[in-house]
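Let's take a friendly walk through a protein model. Have the sequence and the 3D view ready, and follow along as we go.

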Amino acid sequence: MPAQPSLQPTRLPRSQVAMLLVDVINPFQFPGADRMLPDILEAARAIAQLKRRMRQRGAIAVYANDNYGTWHSEFSDVLGNCQALPGMRGDVAQMLAPDAQDLRVLKPQHSGFHSTPLQHLLSKMGVKKVVVVGFITDMCVFTTATDACMLGYQVAVPSDCTASVTAERKSAALAQLKTAFGCSTAKGR
C-alpha cells in the first residue's frame, strides 16, 4: 500500500489587523439582487482596492463566506460556481477571488462568527482590529461586525465597501454600527 501524504498545518500569519470579506463570493440570487448589481460591482471595486492596500501594510484577509446550504461543498466549490456565473455576478467573483495566502471560513448563517472557527483563528493570529467588508450591509456584514464588537475587536466597516438592497437600508445599518457599536464607517478609499 502506498504511503499516504501527511497533513501539514497551515502556517498562520501574525497581524493585529484582519480584513473580513463577508459573502463576497456570492451568486446574488435573492429578491432585489438584480437591481443592486451596479452597487455591488462598485463596492467590489472598492473592496479590491482596499484589500491591496491593506495587504501592503501586512493585514490578513479572511473570507467568511456563506455555504448557501450546500453542506457537501468546500470554499473552492462555491468560488468555482460563482466565477462561472454570467455577467456581473461572475465578474464580482473573479475580481474578489481569494489569493493563495488568504484564509477561508464557510459559515452556515449570517455572522462570520456564528458556528465557525473565525474567533479562534483571529485569536491565534493576534488580531485586535477587523475591517469588515462585503454583502449585504444590513444582514451578514452587520451581524459579523456586531459580533466582532461584542468579542472585543476594534471594528471598521468602510461605507464604500458594502452594498445593500436599498440605499436606506445600507445607511440605517451603517448609522447603527457607528452610533450604537462605535464602529468606524469612514470610506476605505
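## A term to start with

A salt bridge is a side-chain nitrogen of Lys or Arg within 4 Å of a carboxyl oxygen of Asp or Glu. Keep that in mind as you look at this model, which is predicted. Lys107 forms such a salt bridge with Asp23, and their closest N and O atoms are 3.0 Å apart. Lys107 belongs to strand S3, while Asp23 sits in the loop between strand S1 (17-22) and helix H1 (33-56), so this pair ties together parts that are 84 residues apart in sequence. Are these two residues buried or exposed? Both Lys107 and Asp23 are buried.

## The whole protein

Now step back. The protein has six helices and six strands. Along its principal axes, the C-alpha trace spans about 60 × 40 × 30 Å.

How much of the protein is buried? Of its 189 residues, 50% count as buried. The protein exposes about 9800 Å², and carbon and sulfur atoms supply 53% of that area. Sequence distance is worth a look too: among contacts between residues at least 6 apart in sequence, 81% join residues at least 24 apart.

Which strand pairs with S3 in the parallel sense over five bridges? That is strand S2 (residues 60-66). To find a spot where they meet, look at Ala64, whose bridge partner in S3 is Val105.

## One face of helix H2

Next, turn to helix H2 (residues 75-83), where Phe75, Val78, Leu79 and Cys82 are buried. Seen down the axis of H2, its buried residues fall within an arc of 100 degrees, so they line one face of the helix. What covers the buried residues of H2? The cover includes S2, helix H3 (87-95) and S3.

The structure holds seven salt bridges. One of them joins the side chains of Asp99 and Arg55, with N and O 2.9 Å apart. This pair links distant parts of the chain: Asp99 is in the loop between H3 and S3, and Arg55 is in helix H1, 44 residues apart. Asp99 is partly exposed, with a relative accessible area of 34%. Arg55 also counts as partly exposed, at 26% relative accessibility.

Another salt bridge brings together the side chains of Arg169 and Asp138, at 2.6 Å from N to O. Arg169 lies in helix H6 (residues 167-181) and Asp138 in helix H5 (residues 137-150), so the pair ties together parts that are 31 residues apart in sequence. Arg169 is partly exposed, with a relative accessible area of 38%. Finally, salt bridges that share partners join Lys51, Arg55, Asp99 and Asp102 into one network.

Note on methods: Residues numbered from 1 in each chain as written. Predicted model: local features only at pLDDT ≥ 70, side-chain atom pairs only at ≥ 80, totals over all residues. Heavy atoms only, no water. Pairing = 2+ DSSP bridges. Helix = DSSP H or I, 4+ residues; strand = E, 2+ residues; numbered from the N terminus. Buried < 20%, exposed > 50% of the residue type's maximum accessible area, 1.4 Å probe, protein only. Arc of directions from axis to C-beta. Contact = heavy atoms within 4.5 Å. Areas by Shrake-Rupley, 256 points an atom, 1.4 Å probe, with all protein chains shown as cover.
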